[in-house]
Amino acid sequence: MEALFAAVLGILTASGVYLLLRARTFPVVMGLTLISYAVNLFLFAMGRLQTGVASVISENGKYGDPLPQALVLTAIVIGFAMTAFVVVLALRSVGETDTDHVDGQETKP
Amino acid sequence: MVLALIIALPFFGVILPLMAERLGRSACAVAAGLAPLAALVLLLSQQGTVFAGDMIRARVQWLPEIGLNLSLRLDGLGFLFALLILGIGLLVILYARYYLAKQEPMGRFFAFLLLFMGAMLGVVLSENLLLMVMFWELTSLSSFLLIGFWSSRTDARKGSRMALAITGGGGLSLLAGVLLLGHIAGSYELSQVLAAGYAIRAHALYPVVLILVLLGVFTKSAQFPFHFWLPHAMAAPTPVSAYLHSATMVKAGVFLLARLYPALAGTDLWFYIVSLTGLATMLIGACMALFQHDLKGLLAYSTISHLGLITLLFGLNTELGAVAAIFHIINHATFKASLFMAAGIIDHETGSRDMRRINGMWKYMPHTAMLAMVAALAMAGVPLLNGFLSKEMFFSETLNQHMLGSFDWAIPAIATLAGGFSVAYSLRFIHDVFFNGEPINLPKYPPHEPPRYMKVPVEILVFLCLLVGIVPAYTVAPLLAAAASASLGGELPQYSLAIWHGLNLPLLMSFAATAGGVLVYAFRQPLFRWYAGLPAMDAKLAFDQCMVTLVDFCRLITRRLETGSLQHYLALLLASALVVVTLALGPLPQMRGSVELSPIDGITALGLGIMALAGLITVIFHRQRLVSLLMLSVVGLMVALAFARYSAPDLALTQLSVEVVTIVLLMLALFFLPAQTRMESSSMRTLRDFILAIGCGVMVAMLAFAVLTRPYETISGFFLANSVSGGGGHNVVNVILVDFRGFDTMGEITVLAIAGVGIYAMLDGLRLIQPHADAEGRSWARDRHPLILATLSRVLLPMALLISVFIFLRGHNLPGGGFIAGLVTSVALILQYVASGVQWTQSRLPLNYHRMAGAGVLIAGLTGVGSWLFERPFLTSAFGHFEIPFIGEIELATAMIFDLGVYLTVVGATLLILANLGKLTQEKPGQEVL
C-alpha cells in the first residue's frame, strides 16, 4: 500500500509542478492547489498510514499520530487562504494589465 | 573603564560638532575638540603605569561562544599610537577650522573625523583581535566618508571608492588571517596569540596566515603593488590627508606589523615577503615622488616611500630594526603631518597645488616657508632634525642583515638610492615652491600668510621635529622605549639615540644620499623630460579596468538569472530543489526501510487510482479550464476520503469543507478569465517543464516511500497522555490546536484574517469585463437565481447552522472544532449568496465580515491574555464540568472560547473573500455574478 500511496503522491506532485510552470495564471493556481494536496498528504503520511485506529481518547489503546493531523488541519485552512489570495491577485493582474500571463505582459513574438 | 572611555569619547563626541554647527565655525571646532581632549587627558593620566612597563587591561564578555570579547589593552605601543591619534587629531581639528570654507558643512566633517578617530583608537587599543578587525574595517569606512567629503567632485568619489575597495578588501583578508591565527593559538586574545608565537610559526598554516595578514597590512599601509590608492586619496581635504594619510590610518598597517611582531616575525618567509615588499615600495615611492608636479602628490608618494622604509625595517627580523621602525613611525608622523598642513596652507592661499606654477613663496609667506623648510629637511634626513636619527638607525640596520647571500649589499645600496631620491624630492619641495623665480598665473594673487592660528599646529609639529632631533634622550626616549618593548614583548636591545656616532658607514651612506640627491635635483629638467616620454603608468587604469570587468561579469550573471520571467525563476528554483534533494537522498543505502508494507486492499487502491487519474486529467485537459477544474475537485474529494480511510476524521471533514469553498472560489475566478488556455509554450520549454515535473514527482515519491517504510519515534505520546488531564478534551487533534499549540493557531488565524483583508483591498476598485457568453458562444442562462435552488438553500441554512453548532460544541471531545464548524457555516452562507444573489442575501443578513474576522482574532487573543489574570502563562486553559438541566453534564473549557475565536475568524475571512469576489462586477443592482 505504501508504494502505491507514494506513487500517487508523486503523480500529484508531477502534475502540480507541470501546471505551476505554465504561462497563464489559472493553470498556475490549479497547479498550486494540486501541490498543496500532495504536500498535505505527504505531511499527514509522516504519521504513517494507520488503518482503523482511534482518533479520540477512549478505552481502546491504539491511536493515530495526532501531531501531523493537527499540522495538516491548519495547513489545509491556510492553504485555502493562500489559494484565494493568489486567485484574487491573478484577477487584479488581469484587471490592471489586460492579460492573464504570469509576467503581466504577453510574450514578445 | 578608562580604556573603554578613551575609545568611546570620540564616538560620543560625534554629536557635538553637529549640534554646535549653528553657533559658528569656531564653536564647532571647539565642540569637536572637547572629546579628543578629554580622551587625551585620560590617556596621559595612564602614562606612569605604561612607562613603568605595565599593561592596563579591561575586559567585558560579548560573544564568548565565538571568542569575541570587548577586551582592551593599553601598553607602550598602544600608548604611542593613541598619543599620535589624539594629539595630531586635535591639531588637525584646529587646522581644519581655518582650512574649510565658510559654506562647507563643518559639523559633518568633524563628525566623520571623530568617527575615524574612535575607530583608529579601537584598532590600537584592542586586546581581542576580532574586535580589532572590526575597528579596522570601521577606519576604512570612515576614511571613505572623509576622502569623499567633497562628494560633488568626481575624483573625490572615485578616490574614496578605490580606497575603500582596496583597504576594505585587505580588511577581509586580514579577518581570514586573524580567524586562522585564533584557530592556531586557541584564542583571539592578543596576549595569548603573542605568547603562542612559536606554535604559530611552526604550524603548517603559518604561510597562509602570514600572507593573509600581510595582505591586510600592505593594502592599508599602501605597499607596492597596492600603493596606488594613496595618491588618489589625495582628493580628500588636506586636513584629512595630514591626519589619515600620513599620521594615522596608513600607519595602521605597520602598527599591525609591530603588534604581531612576536607572533609572526622571525622566519625566512617573513624576511623575504616583508623586507622585499618594503624595499620595492620605498624605492618606487621615492622615485615617483620626484616626478609629481602636484604638491600633495609629491607628499603622497613620499609617504608611500617612508611606509616602505618602515616595512623594510620590520622585515629585517632584527630587534633593532623594529626599534628603528617604531622610531621612524613617530618621526614620520610629525614631519609629514606638518608638511601636509603646509601644503594645505599654500593650496589655500594660492588656489593651486601645481609646483610648476607655485614659485617664490618665500617672499609672500616667509613664516610658513620657514616651517615647511624645516619639516622638509627633516624628511630629507638632515642632522639636528628627527628624520636624521631614525634614518641613521635605518642605514645601520640595512647593513646588519645577511639573508640575501652574495646580494647582501643590494639592500643598503637600494636604501641609499632611495635616500638620494628622498633628498631630491625634499629639495624640490623647498626650492621649487619657495624660491625658483616668480609664481606663474596663480588663481589667487598675491598670496599671503594664512590666519595666525592655522599655523599653530604646524609650528607645534615642527618644534617637535627640532626637539626630538636635538635632544632625543630627553624627549622621545622613554616613549620609544615603552613602545618598542611592548612591541618586541621583552627586553630591549642596546641602542643609542645620540646624534653623533662617529664617522661610520651609515653616516657615509647619508652623505652619499645627500650628495646624490642634490645632484639628481640639479639635473631634474632632463629627468622630467625623460619621465614625460614614458607611457602613462597609472595603476588606476588597471584598477578601473578590473572594476569594469567585474561589473560586466556580474551584470552578465544577473542578466542570465534575472530575465524577468517568472516561469524561468520557478524552473530554476525547482531544479535547485531537485538537486538538493537528490544530494540528500544519495547517501541512503536503500530506498526501502525495515517496516513491513501494509497489504493492498481493492477499494483503497481504486480510490488512490482515481485520485492519480484525476490529477493526470487535470493536467491533460488544462487548456479546457472548466474540465480541468472539475477534475481538480475530484482529486480534492479523494484526498478527503484518503484522510478518512487512514483514521483522520478531523482532516477529512476539514478537507471536504475547504474543497467546496475552494472550488466555488475557482469557479468565480474562472468567470472572469479566459475559458481556455492557448497553446504557446515552445517545444523546448514543454520538454523542460516535463522533465522538471517528472523529476519532482519521482523525488517526492521516493522520499515518501523511504519515510513510510521506516520506523519512527513521535513526540505525540505527550499529547496523548496529557490531552484529557491537561487540556480537558478527548479529541487530541483539537486539543493540540486550541491548547498545546494554541499560540501557533493564534498566528494562523491571524494570517487568515490578514489574507481576507488583503483580498478585500485587492478587489477594491477592481473592474473586470463581464463576459456575456461562455467559451462556445452560448449566452449565460437568464434565470440567475433558479427557484428550486433558492428555496432549498433557504431550508438548508438553519440545518447547516445547527450542524455547525453541533460540530463546534463537540469539537473538544469528538472530531470537529472551530475550524470545521467555521467552514461548514461558510459553505451554508455561500450557498445563500449563490442561490439568491449578493443583494438579496446581504439585505437579509447584514453581517460585517471584517469585524467578524477581527473579533475572532481578538477573542482568541483575549482568551490567551485572560490566563495572565490567574497568573498563568499566555493561553493556559482551564476547564470544568457543569450540569445543565435537560442536556446533562457538559464539559466547558476556556479553550472553547479560543475555538470560538477560530470559528469567527474562519467564517469572517472566508466570506470576506467570496462575498466580495461575488459582487465584483455589480455595476448596478441586480447585475452580479452570484
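**Entry 1: Arg24(A)**

I began with Arg24(A), which lies in the loop between α1 and α2 of chain A; helices (H or I, at least four residues) and strands (E, at least two) are DSSP runs, numbered from the N terminus. The model is a predicted one, in which local features need pLDDT of at least 70 and side-chain atom pairs count only at pLDDT 80 or more, while totals for chains, interfaces and linings use all residues. Residues are numbered from 1 along each chain as its sequence is written, chains are lettered from A and ligands numbered from 1 in the order in which they are written, and side-chain values use heavy atoms, with hydrogens and water left out.

Is Arg24(A) buried or exposed? I noted that Arg24(A) counts as buried because its relative accessibility is 4% (buried is under 20% relative accessible area, exposed over 50%, partly exposed in between, with a 1.4 Å probe and protein chains only). I then listed what Arg24(A) touches, leaving out residues up to four places away in sequence: in chain A, Thr99(A), Asp100(A), His101(A), Val102(A) and Glu106(A); in chain B, Arg625(B), Thr677(B), Arg678(B) and Glu680(B). Contact here means heavy atoms within 4.5 Å.

The side chains of Arg24(A) and Asp100(A) are joined by a polar contact of 2.8 Å. A polar contact is a pair of N or O atoms within 3.5 Å; within protein, one must be able to donate a hydrogen and the other to accept it, and residues adjacent in sequence count only if both atoms are side-chain atoms.

**Entry 2: chain A against chain B**

I followed Asp100(A) across to chain B, where it forms a salt bridge with Arg625(B), the closest N and O atoms being 3.0 Å apart. A salt bridge is a side-chain nitrogen of Lys or Arg within 4 Å of a carboxyl oxygen of Asp or Glu.

On the side of chain A that touches chain B, α1, α2 (25-45) and α3 each give two or more residues. Of these elements, α3(A) gives the most, with 22 residues. By class, that side has 51 nonpolar, 17 polar and 9 charged residues (Ala, Val, Leu, Ile, Met, Phe, Trp, Tyr, Cys and Pro count as nonpolar, Asp, Glu, Lys and Arg as charged, and the others, Gly among them, as polar).

I recorded that 77 residues of chain A are in contact with 106 residues of chain B. The area buried between the chains is about 8,400 Å², with carbon and sulfur atoms giving 77% of it; buried area is the accessible area (1.4 Å probe) that two parts lose on being put together, summed over both. In chain A, Met1(A), Phe26(A) and Phe80(A) lose the most area to chain B, together 9% of what that side buries.

**Entry 3: Leu83(B)**

I next looked up Leu83(B), in helix α5 (residues 76-99) of chain B. Leu83(B) counts as partly exposed because its relative accessibility is 24%. Its C-alpha atom is separated by 8.3 Å from that of Leu44(B), 39 residues apart along the chain.

**Entry 4: confidence**

The predictor gives the complex an ipTM of 0.95 and a pTM of 0.69. The mean pLDDT (the predictor's confidence in each residue, from 0 to 100) of chain B is 88, and 98% of its residues reach 70 or more. Over residues 923-928 of chain B the pLDDT is below 50. Where pLDDT is low, the predicted coordinates should not be read in detail.
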